[in-house]
Amino acid sequence: MCRRGIHNYGESQLIGAGIVRQVCTTCWDVTIDLTGADDPVEVPVSRRPSLANFRR
């Protein structure tokens, strides 16, 4: 196990939408970097699907 929180992270993996993931090669600790994540996009009300279109 890693001591004092000092990890041996491998290569950064771009997950998508600017999210970066790294995994420690010793203890498998995972860190996720959201600083490059895209801002959420608001979908206009006119483009949202109507509940009337869904069938049971």
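Buried means under 20% relative accessible area, exposed means over 50%, and partly exposed lies in between. That scale is used throughout this briefing on a predicted model. The protein chain has 56 residues, and 5% of them count as buried. Its secondary structure consists of three strands and zero helices. The structure holds zero disulfides.

**Overall make-up**
- Read from the N terminus, the elements of the protein chain follow the order β-β-β.
- The protein chain exposes about 5400 Å².
- Among contacts in the protein chain with a separation of 6 or more, 6% come from residues 24 or more positions apart.

**Strands β1 and β2**
- Strand β1 covers residues 13-16, and strand β2 covers residues 19-23.
- The two strands run antiparallel and are joined by three bridges.
- Gln13 stands opposite Arg21 of β2.
- Two residues lie between the strands in the hairpin of β1 and β2.
- In this hairpin, Ala17 adopts a positive phi near 55 degrees.

**Strands β2 and β3**
- Strand β3 spans residues 30-33 and runs antiparallel to β2.
- Four bridges join β2 to β3.
- Val20 stands opposite Asp33 in β3.
- The hairpin of β2 and β3 has six residues between the strands.
- Here Trp28 takes a positive phi, near 70 degrees.

**Ile15**
- Ile15 is part of strand β1.
- Ile15 counts as exposed because its relative accessibility is 52%, and the cut-off for exposed is over 50%.
- Ile15 and Ile32 are 17 residues apart along the chain.
- The C-alpha atoms of Ile15 and Ile32 are separated by 9.4 Å.

**The cysteines**
- The closest cysteine sulfur to that of Cys2 belongs to Cys24, at 3.4 Å.
- For Cys24, the closest cysteine sulfur is in turn that of Cys2.
- A disulfide requires sulfur atoms within 2.5 Å, so the 3.4 Å between Cys2 and Cys24 is too far for a bond.
- Cys2 has a relative accessible area of 21%, so it is partly exposed.
- Cys24 is buried because its relative accessibility is 0%, and the cut-off for buried is under 20%.

Methods:
Residues numbered from 1 in each chain as written. Predicted model: local features only at pLDDT ≥ 70, side-chain atom pairs only at ≥ 80, totals over all residues. Heavy atoms only, no water. Buried < 20%, exposed > 50% of the residue type's maximum accessible area, 1.4 Å probe, protein only. Contact = heavy atoms within 4.5 Å. Areas by Shrake-Rupley, 256 points an atom, 1.4 Å probe, with all protein chains shown as cover. Pairing = 2+ DSSP bridges.
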